Amino acid sequence: MSDLETFRRETRAWLEANCPPEMRRPMTSENDTYWGGRNAKFSSEPQRVWFERMRDKGWTVPDWPKEYGGGGLDRAEHKVLREEMTAMGARSPLSSFGIWMLGPALLKYGNEAQKKEHLPKIAAGLIRWCQGYSEPNAGSDLASLQTRAESDGDDYIINGQKIWTSYANYADWIFCLVRTDPTAKKHDGISFILFDMASKGVSTKPILLISGYSPFCETFFDNVRVPKSHVVGTVNRGWDVAKYLLQHERAMISGTGERGIGRPLGQVAADSLGSDDAGRLDDAMLRSQIAQFDIDEAAFAAVAERAIDLAKAGQSHPAFSSAMKYYGTELNKRRHEILMSAGGIDALEWESERSRGGARPRAWLRTKANSIEGGTSEVMLGIVAKRILDLPGA
Amino acid sequence: MPLVLTEEQSMLRDSARGLINDKAPVSHLRHLRDSKDETGFSRDLWKAFAEMGFSGLLVPENFGGSGLGYVEAGVVMEEIGRTLMPSPFLSTAVLATSALLRGGSEAQKSAHLPKIADGSLLAALAVDEGTKHRPLQTSLQALRAGNGFRLSGAKALVVDGHTADLLIVAGRTGGAPGERNGLTLFLVDPKAKGVAIERTVMVDAHNAARIAFDHVEVNADQVLGEVDQGFQLLDGLLNIGRGAVASEMVGLSEEVFGRTVTYLKERKQFGKLIGEFQALQHRAAELYVDIEITRAAVLKALQALDADLDQAGAAIAVAKARAGTTATRAVQEGVQMHGGMGMTDQFDIGFFMKRARVCQELFGDSNYHAEQLARMKSY
């Protein structure tokens, strides 16, 4: 038996023994996600148990080095772990922008002190991070951001405003793009800096969305004092870090990690609409849409797998995450349009226990942001056109 | 299994590409079409293919082949798709070889496989009868007669049917059209009494035939696999064919797309390169994404065929459906973005459009496979 087969057998046995049955059911509400942080509360005992067991094994971040709180798994082992968790329906023990976005950027650009300081706390779910990228007048044109950091001895003094800061009101720390050289060309005067949201001068204000939720905030910085040692990478070269991190953000938003979880759409639709004598969904057009969707989703799962394998083989294009982000988010919107269609009148209910507080329509509305946040679909297509296809014009 | 080609598979691709680019660019197909060539492909080229081991790619080493798998067959098909080279590769090297390997007796294998490997035997699979691909609807009669069977009926879109030395024919030994039971595959000599072959000149200038069987007598030893139980064998073969055709469509799509992107970078209108226009940039980018996704799905399906043919149905349905829609989109965008030039016969791009249409129909179009997937998923 190969080492990998042994690893698979042991992993499966460990997961069987350690993942509580409640953590193997599909998530039904926002409460089912554990985000960690200073003020974190577990929504249930099984959620706590599952998180702590995974944390102790380093499996909140299975592929990070052990010295930073990770599991030290290589790519093949990590894939096995993901496959076994998916097969079991095991939930992710910890959701975190620290894991998905900041961690990879710190591993690549952070100095040793920064890695030692922040990575283990992310892995252990002690600090919840948010991202300070977008600004009111710098949406898709991110590099035109105006939040400025002025030098004052060993510190910077930060002033400005961010927008669409996901969960800023719950976050402990922020990773933030600031302008450290206002005279340079727009991409060349930006730095990537980390600071505590409890710092004097930081305030947040939630933004109510069409889904009725407010996952995003406006975030204000009024003379926030931050040590210069908190800059990640080189001063004024923050755009490199930002771009690298965006690749990870786009991969995350494309939803490549969550494909195939939950009840298949055809079954969901059959539950509410019924089937004819031949077992075919009692809405021929919707059935056809679902079949087309299933084809595209299965193909997208294949390209997500291939993207990882290409990266491993050193054959991937750095801008490919933009292609994935574009397609994955459009696909996710299609999924939720179908879910609404399959749910019919029931899916229109907004406030009732029966509808779990309008979970389906709220989720549907939430997906409309997928093709905007982290770079719009149009921006993604522009990146593909210019960076991969090398089409002319800036 | 990683979803990337191994080093050996990449080398195979490079050698196939070298030969095909050199000997059979699109002008080769154009020449065969314009000269109304009788065979519709080059026997010399097929010989060269055999010498490089391509005709016997799937044939086991003990029968004189290379014993490679479906991923490798797909690699070659993709290169064929790039220049639309007509050849018996699909009909003989992929379909007939697989049919013999999976259903053939030792005697049938040793009679035919070495000849396929050395390029001296051509074969064709005869399945479709109606307007659309519906293998379960097979109605060609195969009645028991003495020690064997007597075949009556007709087949359409028999790829390479008019040049074949051996026909593999699906017929009904029992059951009614629509039923799984009662299908049987036969090895039939195209020169047998009662076989009438009409070469059908198709839109894509590739080879196909309509074949009529009028009380054609076959012996019991010409049965491939088991009597009445042929559907599983046939279904497996068709899935192999679907994977191969999907690969051809990936190659075809990528070639058309490459030509189109090149054109966007060269053609000027309104004082600008047309590739500067965002409307075209975004359409090109969408098509690129489509092709990459389809490529992954097709590779996944080919790996599934190699791993366990009987479990590969869903992956194949996804691959063939995606490849069909992607190729259709690629050729339509290709012609459109080339403007009036794209409509001319002098320009090659129309050849790709015509071939894509045939590949769509071959072994089930995108709608057919979406339907299959819905059934597999029980909704």
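User: Why is the contact of Arg322(B) and Asp296(A) called a salt bridge?

Analyst: A salt bridge needs a side-chain nitrogen of Lys or Arg within 4 Å of a carboxyl oxygen of Asp or Glu. The side chains of Arg322(B) and Asp296(A) meet at 2.9 Å, N to O, so the pair qualifies. The rule finds four salt bridges across the interface of chain A and chain B. This is a predicted model: local features need pLDDT of at least 70, side-chain atom pairs count only at pLDDT 80 or more, and totals for chains, interfaces and linings use all residues. Side-chain values use heavy atoms, without hydrogens and water.

User: How do you know which residues of chain A and chain B are in contact, and how many are there?

Analyst: Contact means heavy atoms within 4.5 Å. By that rule, 38 residues of chain A touch 38 residues of chain B. Ile295(A), Arg306(A) and Leu389(A) supply 19% of the area that chain A buries against chain B, more than any other three residues.

User: What makes up the buried area between chain A and chain B?

Analyst: Buried area is the accessible area (1.4 Å probe) that two parts lose on being put together, summed over both. Here the value is about 3,300 Å², with 66% from carbon and sulfur atoms.

User: Why are β3(A) and β7(A) called paired strands?

Analyst: Strands (E, at least two residues) are DSSP runs, numbered from the N terminus. Two strands pair if DSSP finds at least two bridges between them. Nine bridges join β3 (residues 155-166) to β7 (residues 216-227) of chain A, so the antiparallel strands pair. Lys162(A) has Thr219(A) as its bridge partner in β7(A).

Technical notes. Residues are numbered from 1 along each chain as its sequence is written. Chains are lettered from A and ligands numbered from 1 in the order in which they are written. Helices (H or I, at least four residues) and strands (E, at least two) are DSSP runs, numbered from the N terminus.
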